[in-house]
Amino acid sequence: MFRTSIIRQATRAAVRPSTSTLTARTSPLTRTRTFTNLTPLHDKVSPDDPKDETRHDKFTTAATVDTGHEGTASRTDDSFRYEHPDDESELPASKPVQGRGRHLRTLASFSLEDKVGVVTGGARGLGLVMSQAMVVSGADVAIVDMNKEEGEKQAAALVEEFKRENPGARDVPKVTAHYADVSSPDSVQHALDEIIAAHGKIDNLVTSAGFTENFPAVEYPYDRVQKLWGVNVDGTWLFATGVARHLMERRQPGSIVMIGSMSGAIVNVPQPQAPYNAAKAAVRHLASSLAVEWAHAGVRVNCISPGYMLTALTKKILDDNPELAEKWISLIPAGKMGRPEDLMGAVTFLLSDASGYMTGSELRVDGGYTCT
Ligand SMILES: NC(=O)c1ccc[n+]([C@@H]2O[C@H](COP(=O)([O-])OP(=O)(O)OC[C@H]3O[C@@H](n4cnc5c(N)ncnc54)[C@H](O)[C@@H]3O)[C@@H](O)[C@H]2O)c1
């Protein structure tokens, strides 16, 4: 344990020059803070006399707040703020990505043919790309989003892309768009009724609607905490229970994939985001708890926990805090952020019969971030 944390600290310290300075953006809301003195650990160790029994003591006595030592790289930084826009349409739209490829062979058990899948937050980002993975794999899809106009545009774009890639195809997937505020029970029920009326049934669900914000906990406006938990946790709960109820009434099996985050297992740095981290831990454990509760009915529940993926959400945070990208990437063993497409295989696997004996599991798609 001690060795692992030393290696981790040394690695983090080594990724930046010892005199490097990371200055957070200045705004009326923020105060500027500077990180300095990140001396690589080996510089400190090498000159020591190996016979000196006390030579390691400095590693347990350096932890004074704001003095600039190895631990600084593993702290949240109160000067980071990111307030999610109340109007979701302020964030830029996504585009359909790669589709079917050229008749490559794969296991039939990965097919989603004859399935109807619902994707919350499907108008943009990870939700949109996962919707596309489902369409490519043969499913009909209902995109649910607060931004219905964008959902409708993207539903049409997914069908167009499918037709372009499959000229002359007989079974063109049905893709519909539905409004819901996932944090509102009435709105969720209304959307579920609308989807069942349009598609006749629901087999699969992906809960991707969610957002993050950055405020130090002691300054985090409570109404924003409630909103964040409302969308990330209540929204997941409401859609999952609604779809499970429908599957149980039909006495049919189904698969639910909850989009958590690596933040459910680790604490991101430097941006402070305690409520988001807790929300994603809740999502991960909801997946396990509901998997156990619904296993008897053949309703599987799993969780995908992405690392840093480049979407409208993270692009906005990086636009506001340009220095953050370097910091994030320095902490990812793969050395790069993920692309939304990196989730296409994971979601198809978990929704399909290929993962028929998996329930209550978490797939981390994070470039190795949580391994260190
Ligand atoms: N992007 C990342 O790096 C990353 C990493 C880990 C986890 N995640 C999680 O993945 C999910 C998708 O993130 P993204 O990056 O694609 O975000 P995004 O902002 O690009 O897309 C989120 C979508 O959810 C919709 N939405 C937001 N609030 C809603 C509400 N109340 N009701 C209905 N729809 C609502 C938005 O309109 C938007 O279309 C989120 O749960 C996020 O926490 C993202």
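Seven strands form an open sheet with parallel pairing, in the order β5-β4-β3-β6-β7-β8-β9. Strands are DSSP runs of E of at least two residues, helices are runs of H or I of at least four, and both are numbered from the N terminus; two strands count as paired if DSSP finds at least two bridges between them. β5 (175-179) and β9 (362-365) are the edge strands, and each has a single partner, so one side of each lacks a neighbour in the sheet. From one strand to the next the twist averages 20°. The model is predicted: local features require pLDDT of at least 70 and side-chain atom pairs pLDDT 80 or more, whereas totals for chains, interfaces and linings use all residues. Residue numbers start from 1 along each chain as its sequence is written.

Within the sheet, β7 (residues 254-259) pairs with β8 (residues 299-306) in the parallel sense over six bridges. I304 in β8 is the bridge partner of I259.

Helix α3 (residues 125-136) lies across β3 (116-120), β4 (140-145), β5, β6 (204-207), β7 and β8, and runs at about 170° to β3. Helix α4 (residues 148-165) lies across β4 and β5, at about 175° to β5. Contact between residues means C-beta atoms, placed from the backbone, within 7 Å. Angles run from 0 to 180 degrees between N-to-C directions of axes fitted to C-alpha atoms, for helices over the stretch in contact.

The ligand is surrounded by 32 residues, where a residue counts if its C-beta atom, placed from the backbone, lies within 6 Å. The closest are G121, R124, G125, G210 and T311. α3, α6 (222-250) and α8 (312-320) are the elements that give two or more residues to this shell.

Definitions and conventions: Two residues are in contact if their C-beta atoms, placed from the backbone, lie within 7 Å.
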